[in-house]
Amino acid sequence: MNIARHIALVDELCLRPFGAEHSPWEAGEGGPGYHVVVLERSHGDCATRAATVEQFEKYRDALYDPLAARWGDSPPWSGQTTLLRTEHEDIPAPWASLSARVRVAYVWEAVGTGRWVAVAVADHDETDDVKLIAMSTETAPP
């Protein structure tokens, strides 16, 4: 894992203009009011999925310190709780879709940018690769 590269991508997420429609770009995808990048990807070895999830959680946690130094400590955001809430509430995008992909995220208000940043491990879909992702959005978390 290259922490400096991942922090640079988070910085790009905080500056990159949002598109009017969903569209891919060289490092990720975006849509109205959000961007998502894949920082690390497992490349499909299901036999070691649990170990990969554990390793990616360590990567997520390693990104916590430099981002918390910038924007302050952040309690974990529960994707599972938010996913349950989507059954009874209208959870705004992109938080509803993030909650369908991740169990836990670290979330910060990126001071001075008007954006929120999340770093998480996307592992809900057992048929897909495990991914370490970063997201930026102009919508505050629910």
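Biologist: Is Thr82 buried or exposed?
Modeller: This is a predicted model, where local features need pLDDT of at least 70, side-chain atom pairs count only at pLDDT 80 or more, and totals for chains, interfaces and linings use all residues. Residues are numbered from 1 along each chain as its sequence is written, and side-chain values use heavy atoms, with hydrogens and water left out. Buried means under 20% relative accessible area, exposed over 50%, and partly exposed in between, with a 1.4 Å probe and protein chains only. Thr82 has a relative accessible area of 3%, so Thr82 is buried.

Biologist: Which element holds Thr82?
Modeller: Helices (H or I, at least four residues) and strands (E, at least two) are DSSP runs, numbered from the N terminus. Thr82 sits in helix H3.

Biologist: Which residues does Thr82 touch, leaving out those up to four places away in sequence?
Modeller: Contact means heavy atoms within 4.5 Å. With residues up to four places away in sequence not counted, the partners of Thr82 are Trp77, Ile91, Trp95, Ser99 and Pro142.

Biologist: How many helices and strands does the protein have, and in what order do the elements run?
Modeller: The count is 4 helices and 7 strands. Read from the N terminus on, the order is α-β-β-β-α-β-α-α-β-β-β.

Biologist: Which residues touch the most other members of the largest nonpolar core?
Modeller: A nonpolar core is a set of buried Ala, Val, Leu, Ile, Met, Phe, Trp, Tyr and Cys residues joined through side-chain atoms within 4.5 Å. The largest one has 25 residues, and those touching the most other members are Trp71, Trp108 and Leu132.

Biologist: Which element gives this core its largest share?
Modeller: At least two core residues come from each of helix H1 (3–15), strand S3 (34–41), helix H2 (49–71), strand S5 (102–110), strand S6 (115–122) and strand S7 (131–137). The largest share of this core is 8 residues, and they come from H2.

Biologist: What does Trp71 touch, not counting residues up to four places away in sequence?
Modeller: Trp71 is one of the residues with the most partners inside the largest core. Not counting residues up to four places away in sequence, Trp71 touches Val10, Cys14, Trp108, Glu109, Ala110, Val111 and Val117.

Biologist: Which peptide bond is cis, the one from Ala93 to Pro94 being where in the chain?
Modeller: Most peptide bonds are trans. Pro94 belongs to the loop between helix H3 (79–85) and helix H4 (95–99). With omega near 0°, the cis bond is the one from Ala93 to Pro94.

Biologist: Why does the radius of gyration agree with a compact globule?
Modeller: The radius is taken over C-alpha atoms, and the globule rule is 2.2 Å times the number of residues to the power 0.38. The C-alpha atoms fill a box of roughly 40 × 40 × 30 Å along the principal axes. For 142 residues a compact globule would have a radius near 14 Å, and the protein agrees because its value is 14 Å.

Biologist: What percentage of residues count as buried?
Modeller: The protein has 142 residues. The buried part is 42%.

Biologist: Is Pro76 buried or exposed, and what does it touch beyond four places in sequence?
Modeller: Pro76 lies in strand S4 (residues 76–78). Its relative accessibility is 54%, so Pro76 counts as exposed. Leaving aside neighbours within four places in sequence, Pro76 is in contact with Val104, Ala105 and Tyr106.

Biologist: How far apart in space are Pro32 and Glu21, C-alpha to C-alpha?
Modeller: Pro32 sits in the loop between strand S2 (28–31) and S3, and Pro32 counts as exposed at 55% relative accessibility. Pro32 touches Gly19, Ala20, Glu21 and His22, not counting residues up to four places away in sequence. Pro32 and Glu21 are 11 residues apart in sequence, and C-alpha to C-alpha they are apart in space by 5.7 Å.
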